[in-house]
Amino acid sequence: MLLGTPAGQGFQVLDSFSRVVRLGEGLYETGRLSAEAMERAIASLSICAERARRWAVDSGAGPLRLRAIATEACRQAENGAEFIALARARTGLPLEIINTREEAELAMESCASLIAKAERRALLFDIGGGSTEVAWVRVNCNGAAPELIGYLSLPVGVVTLSERCTHACYTEEGFAAVVESVAAMLRPFEAVHRISQEIRQGGVLMVGTSGTVTTLAGVSLKLERYRRGLVDGFFMNRGAVEAALAEAKALGREGLSRHPCIGADRVDFVLPGCAIFAAIHELWQIPDLVVADRGLREGMLMRLMRNVRPERRGYGLA
């Protein structure tokens, strides 16, 4: 959950909440969301709903514009719509499942200021729990918003891969095999858009938004605790990326669980996420990566606030 109010060209964050619920746990094997995972998600959504009601009643600062979305786990699951109906009934949140294009667009919108640092094109990726979104973006030098040329949604994310091949990722051969399987899913997108050819012409920037790339940035920066202000917008060249990937793999499960930028609740997701990122990094030889600690929530807030009239500031909740 993220709640903010308009400020300048962006927004000021007033409240936020985040919890790992593993909604897609077991989805790869059963094709369904488990009762336990749904209960964990609804418990967290109930906290979000209560905070939203408190802000709407107590703030006295105008209307609360609210949007709540679900993504790949609910798109894939046989009982995804059933979960949405249950969550809406129990929390009162207007939860909805968005399609893959809108998911890519929201990620692009949240990263617009970073994408603008590119000269001609940007390749944006968002490694989620159940899917990975890749967006090929045209950057306009006249100040206009970036344009989505093409997008791809891969049905693999850190949760689904962690269930399928976490242990494989801890060996060099297993990690390489996972990287190759993801790269095979990316190659048709490359064949259509000829991104490698554009990279050779120059002016292309890679933008990564996900826990995977923010973790690698924390590793690269040698942070003793995670600091968003240092990570968001951090530039990494290919050498720094490869060094961070090598360090993450060398740490192993125990070392990763003790790392101050990771922790025990996320450790199983790190190397599967690194394998997805490594496939993107190896296929598209872009010189620089800019790390974004932002994503769908920020994109939703920007959309909610776009049409807010200056005389009625209001609040946005995503």
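This is a predicted model: local features need pLDDT of at least 70, side-chain atom pairs count only at pLDDT 80 or more; totals for chains, interfaces and linings use all residues.
**View 1. Packing of helix α2 (residues 35-58) with helix α4 (residues 80-91).** The axes are 9 Å apart and the angle is about 40 degrees; axes are lines fitted to C-alpha atoms, for helices over the stretch in contact, and angles run from 0 to 180 degrees between N-to-C directions. α2 and α4 are therefore oblique to each other (angles under 35 degrees count as roughly parallel, over 145 as roughly antiparallel, 65 to 115 as roughly perpendicular and the rest as oblique). On α2 the contact (heavy atoms within 4.5 Å) is made by Met38, Glu39, Ala41, Ile42, Leu45, Ser46, Ala49 and Arg53, and on α4 by Phe83, Leu86, Ala87, Arg90 and Thr91. Helices (H or I, at least four residues) and strands (E, at least two) are DSSP runs, numbered from the N terminus.

**View 2. Helix α10 (residues 211-221) against α13.** The two axes come within 9 Å and cross at roughly 95 degrees, so α10 and α13 are roughly perpendicular to each other. Thr212, Val213 and Leu216 of α10 meet Gly273, Cys274 and Phe277 of α13. This contact has four nonpolar, two polar and no charged residues (Ala, Val, Leu, Ile, Met, Phe, Trp, Tyr, Cys and Pro count as nonpolar, Asp, Glu, Lys and Arg as charged, and the others, Gly among them, as polar).

**View 3. Helix α10 against α12.** Here the axes come within 9 Å and cross at roughly 95 degrees; α10 and α12 are therefore roughly perpendicular to each other. Leu216, Val219 and Ser220 of α10 are in contact with Ala240, Ala244, Leu245, Glu247 and Ala248 of α12. By class, six are nonpolar, one is polar and one is charged.

**View 4. The second largest pocket, with a volume of about 200 Å³.** On a 1 Å grid over the protein atoms alone, a pocket is an open set of points with protein on both sides within 12 Å along at least five of seven lines, a cavity is a set where a 1.4 Å probe fits but cannot get out, and lining residues have an atom within 4 Å of a point. Grid points are joined across faces, edges and corners, and a volume is the space filled by probe spheres set on the points. Of the 13 lining residues, Phe175, Leu245, Lys249, Ala278 and Glu282 lie nearest the pocket centre. α8 (172-193), α12 and α13 (267-283) each give two or more residues to the lining. The lining has seven nonpolar, one polar and five charged residues.

**View 5. The largest cavity, with a volume of about 30 Å³.** Its lining consists of Met206, Met236, Asn237, Arg238, Val241, His281, Ile286, Pro287, Asp288 and Leu289. At least two lining residues come from each of β10 (235-237), α12 (238-258) and β11 (288-292).

Key. Residues are numbered from 1 along each chain as its sequence is written. Side-chain values use heavy atoms; hydrogens and water are left out.
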